Amino acid sequence: FLPQVDSANAGRVLASDAAVFLKKSGLTDLVLGKIWDLADTDGKGILNKQEFFVALRLVACAQNGLDVSLSSLNLPVPPPRFTDTSSPLLLSGAASSDLPWAVKLEDKVKYDAIFDSLNPVNGLLSGDKVKPVLLNSKLPVDILGRVWELSDIDRDGMLDRDEFAVAMFLVYCALEKEPVPMSLPAALVPPSKRKPLSVPGAMPLLPSSTKDSHQSLPPVGILAAKPPLTQ
């Protein structure tokens, strides 16, 4: 990965170059900021070779649902994945568009019923309407913030029917004590939102689960206010 971000071969990576490259991991800006802070130990805005490898290792940890912390560096994780055509680590034996959706059909029916009961407008629910449902799970606010960020796939601050199903799926996983991933696994991306990428002479690549468009409102802000006292 280093030659891709160290074109001058100076043995160091500037923050601006690293930011463009790390965004291809599909992780949120919040998580990438934390990774940078941990890797840039002297706060100079430049990573040497060793610090850059620490950043890559933390990306891999985040992509596999582990905590972004220095204590995770010693844990065994697969190599990090980036949506970059020159990275062999991205090549996958099956197109992610062919993966079955992790949300089962019978569960989707239940989630759709909840979605419809919240009075969507033009097929969309605002954060204010989703917030009481999330808070009702009694999960920690930081976990719910991550659920919102992962499920708002198109970053428009609203959830459509499929995005809401992703949110409900993640909430139920968290209630079963399963860790909420730091980035949305390919199998959880709704089929309606998958954009299979193809590269000449290569197997299909895993698409990024997020766009590089503007971030939606900070999810914790959406959840911080107390929900209305209604059933």
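A crossing of two helices is called left-handed if the near helix is turned anticlockwise from the far one by less than a right angle, and right-handed if clockwise. In this predicted model, helix H2 passes helix H3 in a right-handed crossing. Local features need pLDDT of at least 70, side-chain atom pairs count only at pLDDT 80 or more, and totals for chains, interfaces and linings use all residues. Residues are numbered from 1 along each chain as its sequence is written, and side-chain values use heavy atoms, with hydrogens and water left out.

H2 covers residues 15-23 and H3 residues 29-39. Helices (H or I, at least four residues) and strands (E, at least two) are DSSP runs, numbered from the N terminus. The axes of H2 and H3 come within 11 Å and cross at roughly 135 degrees. Axes are lines fitted to C-alpha atoms, for helices over the stretch in contact, with angles from 0 to 180 degrees between N-to-C directions. H2 and H3 are therefore oblique to each other. Angles under 35 degrees count as roughly parallel, over 145 as roughly antiparallel, 65 to 115 as roughly perpendicular and the rest as oblique. Ala15, Ala18, Leu22 and Lys23 of H2 make the contact (heavy atoms within 4.5 Å) with Asp29, Leu32 and Trp36 of H3.

The structure holds 7 salt bridges. Each is a side-chain nitrogen of Lys or Arg within 4 Å of a carboxyl oxygen of Asp or Glu. Lys108 pairs with Asp112, their closest N and O atoms being 2.8 Å apart. These two residues are 4 apart in helix H5 (residues 105-117), about one helical turn. Lys108 is buried, at 11% relative accessible area. Asp112 is also buried, at 17%. Buried means under 20% relative accessible area, exposed over 50%, and partly exposed in between (1.4 Å probe, protein chains only).

Asp112 also meets Arg161 in a salt bridge (3.9 Å, N to O). Arg161 lies in helix H8 (residues 161-175) and Asp112 in H5, so the pair ties together parts 49 residues apart in sequence. Arg161 is partly exposed, at 33%. Lys193 bridges to Asp160, with closest N and O atoms 2.8 Å apart. Lys193 and Asp160 are both buried. Salt bridges with shared partners join Lys108, Asp112, Asp116, Arg161 and Asp162 into one network.

Helix H7 (residues 141-151) has 8 of its 11 residues buried, so H7 is largely enclosed by the rest of the structure. Among the buried residues are Trp148 and Glu149.
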